[in-house]
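The tour below gives one selection at a time.

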Amino acid sequence: QVQLVESGGGLVQPGGSLTLSCTASGDDISGYVMAWFRQAPGKGREVVATSYSYGEPFYPDSVKDRFTFYRDNAKKQVYLQMNNLKPDDTAVYYCHARQTDVYWGRGTQVTVSS
């Protein structure tokens, strides 16, 4: 099993950038599917980046070409680089890991506002 802790959220102006980090403890994450989700007020949780243990990450159209997922299995860390942020990106962002079980971090707030 793994425990996940996110960091890096905050307030940023539209068009700005932010990088979120997620640090895992416990199992080696190299065999895990790692992902970032977000949940805006009054909306359901949606995936914004998914990384399998091989191949390139996947992104929905809403963030493609603006968000980039990185993973460092040796450090047990994953990152979400977010560029050209929009007010609609305002949400709590959650780190997610799954193998046979599913794990979530507690989330980090991202607010995009002028």
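Start with the largest pocket, which holds about 170 Å³ of space. This is a predicted model, in which local features need pLDDT of at least 70 and side-chain atom pairs count only at pLDDT 80 or more, while totals for chains, interfaces and linings use all residues. Residues are numbered from 1 along each chain as its sequence is written, and side-chain values use heavy atoms, with hydrogens and water left out.

Select the pocket lining, including Arg38, Lys43, Glu46, Arg66, Lys86, Asp88 and Asp89. The lining residues divide into two nonpolar, three polar and seven charged.

Next, select strand 1 (2-7) and strand 6 (67-72), the edge strands, each pairing on one side only. They belong to an open sheet of four strands in the order 1-3-7-6, with antiparallel pairing (strands are DSSP E runs of at least two residues, numbered from the N terminus; two pair if DSSP finds at least two bridges between them).

Now select Phe37, Tyr94 and Trp104, which form one aromatic cluster. Phenylalanine 37 and tryptophan 104 pair edge-to-face, at 4.9 Å centre to centre and 70° between the planes (rings pair if their centres lie within 6.5 Å, and planes over 60 degrees apart count as edge-to-face). Phenylalanine 37 is in strand 4 and tryptophan 104 in strand 9, so this pair ties together parts 67 residues apart in sequence. Phenylalanine 37 counts as buried at 16% relative accessibility (buried means under 20% relative accessible area, with a 1.4 Å probe and protein chains only).

Methods. 1 Å grid on protein atoms, 1.4 Å probe; cavity = no way out; pocket = protein on both sides within 12 Å on 5 of 7 lines; lining within 4 Å. Points joined across faces, edges and corners; volume = space filled by probe spheres on them. Nonpolar A, V, L, I, M, F, W, Y, C, P; charged D, E, K, R; others polar. Phe/Tyr/Trp six-rings, centres within 6.5 Å; stacked < 30°, edge-to-face > 60°. Buried < 20%, exposed > 50% of the residue type's maximum accessible area, 1.4 Å probe, protein only.
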